[in-house]
Amino acid sequence: MQGLEGKVVVITGGAGGIGRATAEVLARAGARVVITDVDAAAGNRVADELRASTAGELRFEQLDVSDATAVGAVASKLEDDGWPVYGLMANAGIAPTSPALEYSDELWTQTIDVNLNGVFWCCREFGRQMVERGAGTIVITSSIAASGVVSPETHAAYGATKAAVSHLAELLGVEWATTGVRVNAVAPGYTATPILDKIQAEAPETFEEWLSRIPMGRLSTPTEVANATAFLLSDLASAITATVLRVDGGYGAR
């Protein structure tokens, strides 16, 4: 994809689902892909598999995005290793469900630490390098839950953090607009990942209710979200910043 050839792109939460699909799309586009994940075994396995299937240049770095010091260390390591980061997909996140009155302090705080603080730490540390070089692009993975209440799920912390990171993309996109760095978000709808496969098997009524609310009548695929992300990272989106792009089969226009 235009402007990604040979460029280093970091994907947080890259070991599965949308992160893995994006790593594959970017590797096939000629980017040098850094997969990061808290799960070292899964991350190394995905990097090996994609290296073999795409002939792309991939590496893995273990990273807990909720640890600001660790984020800074990985950013510095890549720079020192001759992998100057041009693109970032701030994708790592968790989606625990719980009725609001039953949320524990620990679960609420953990969700904010990963989904909001972790996104900011990554944008700050990798964005600092991009601003200093005068070039770069960031895509934050948000959600349809950022702009409306989805049901019957009960995940107040998840929805609140996704609303926050959508706005963070707008804030940073405007703040860095004259620096050569673009910041956007992609907001996937219901996407065909193993988590939804499990829900379809265990709660078919819920699954069918979701489908009934999607104008296209189907789930998005991880590759479809990955293609949208790659577009925003590429030079094809050179005039696009501070924007949230929905990939949801029309769900958000209901």
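Which helices and strands each supply at least two residues of the lining of the largest pocket?

**Entry 1. Basis.** I worked from a predicted model, in which local features need pLDDT of at least 70, side-chain atom pairs count only at pLDDT 80 or more, and totals for chains, interfaces and linings use all residues. Residues are numbered from 1 along each chain as its sequence is written, and side-chain values use heavy atoms, with hydrogens and water left out.

**Entry 2. Largest pocket.** I found that α1, β2 (32–37), α4 (105–133), α5 (156–175), α6 (194–202) and α7 (204–212) each supply at least two lining residues. Helices (H or I, at least four residues) and strands (E, at least two) are DSSP runs, numbered from the N terminus. The largest share, four residues, comes from α6. A pocket is an open set of points on a 1 Å grid over the protein atoms alone, where a 1.4 Å probe fits, with protein on both sides within 12 Å along at least five of seven lines; lining residues have an atom within 4 Å of a point. I noted a volume of about 1,200 Å³ for the largest pocket, a volume being the space filled by probe spheres set on the points, which are joined across faces, edges and corners. Of its 44 lining residues, Gly93, Ile94, Ala95, Tyr158 and Ile195 lie nearest the centre.

**Entry 3. Ala21.** I located Ala21 in helix α1 (residues 17–28). Ala21 is buried, at 8% relative accessible area; buried means under 20% (1.4 Å probe, protein chains only). Beyond its neighbours within four places in sequence, Ala21 contacts Pro222, Thr223 and Ala226, contact meaning heavy atoms within 4.5 Å.

How values were computed
Buried means under 20% relative accessible area, exposed over 50%, partly exposed in between (1.4 Å probe, protein chains only).
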